[in-house]
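I opened my notebook to look up a few things in a protein model. Here is what I was looking at.

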Amino acid sequence: MRKDLGAKAYLYPQPVLIISTYDEDGNIDVMNAAWGGMSDYKKISMCIDRGHRTTANVLKSGALTIAMADSEHVIPCDYVGIVSYNKDPEKAKKSGFTFTKSGKVNAPLINELPFAFECNLISYDEKTEIMVCEIVNISADERILDENGKIDLSVFHPITYDAANSAYVELGRKVGIAFKDGKALM
Ligand SMILES: Cc1cc2nc3c(=O)[nH]c(=O)nc-3n(C[C@H](O)[C@H](O)[C@H](O)COP(=O)(O)O)c2cc1C
């Protein structure tokens, strides 16, 4: 027996993206965005409210970094999603995160989050609030890479957003091999 849950924003898994930006004076803002994902090999699209300080910053600077929240930093990652720079300009400082200017784009990298996309803005649509970004580079801390230079999920613990339960959930175990397991039915 199936049940209708209605039109809800329940996507599994939904990423927890942590966006960092500079304003025109070099002040840092950080926000949490779960409504986003890959839209091409080198593009990320996210739905970002036009009223957020982050949106104003990206429209001016043309750049942002998008880190992945991990289970080691749930509290600051949630904090930047519930407080706006518009209300508290000390937000980035209070998060406890520290920052280094990206060498690739005009935006800060969060030192504590080991994986981040460095991006330039491609477009922002005021009506749909869809922000499309070009991935210029991925900056990864060496500690989350295996001996082949690949992301090692036994060390890196990205979290996903469970909208139905307002929860953050760590990624689970490997259950298959992409582009290969389906061949069993060919
Ligand atoms: C789990 C979670 C997911 C969120 N996802 C989004 C999102 O996808 N888009 C968005 O516009 N706001 C989202 N928010 C809300 C913003 O992060 C929040 O309003 C933030 O304070 C905006 O900060 P700013 O005004 O300093 O840019 C989310 C918040 C949380 C806690």
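My entries on this model follow.

**Ground rules.** This is a predicted model, and I used local features only at pLDDT of at least 70 and side-chain atom pairs only at pLDDT 80 or more, while totals for chains, interfaces and linings use all residues. Residues are numbered from 1 along each chain as its sequence is written.

**Confidence.** I checked pLDDT, the predictor's confidence in each residue, from 0 to 100. The protein chain has a mean of 98, and 100% of its residues reach 70 or more. I also looked up the elements, which are DSSP runs numbered from the N terminus: helices (H or I, at least four residues) and strands (E, at least two).

**Ala69.** I found Ala69 in the loop between strand E5 (63–68) and helix H2 (74–82). Is Ala69 buried or exposed? I call a residue buried if 20 or more other C-beta atoms lie within 10 Å of its own, exposed if 12 or fewer, and partly exposed in between, with C-beta atoms placed from the backbone. Ala69 counts as buried because it has 27 C-beta neighbours inside 10 Å. Next I looked up contacts, meaning C-beta atoms, placed from the backbone, that lie within 7 Å. Leaving aside neighbours within four places in sequence, Ala69 touches Val16, Ile18, Cys77, Pro158 and Ile159. Val16 is 53 residues away along the chain, yet its C-alpha atom is 5.5 Å from that of Ala69.

**Helix H2.** Which residues of H2 are buried? I got Pro76, Cys77 and Val80. They sit on the same side of H2, because they cover an arc of only 105° around the axis (the arc is that of the directions from the helix axis to the C-beta atoms). Ile75 and Ile82 are exposed on the other side of H2. The buried residues of H2 pack against E1, E2 and helix H3 (91–95).

**Around the ligand.** I counted 21 residues around the ligand, and Trp35, His52, Thr54, Gly81 and Ser84 come nearest. Near means that the C-beta atom, placed from the backbone, lies within 6 Å. Which element gives the most to this shell? E2 does, with four residues. Strand E2 (28–33), helix H1 (53–61) and H2 each supply at least two.

**Ile19.** Last, I looked up Ile19. Leaving aside neighbours within four places in sequence, Ile19 is in contact with Val30, Met31, Ala33, Thr54, Leu64 and Ile66.

Key
Two residues are in contact if their C-beta atoms, placed from the backbone, lie within 7 Å.
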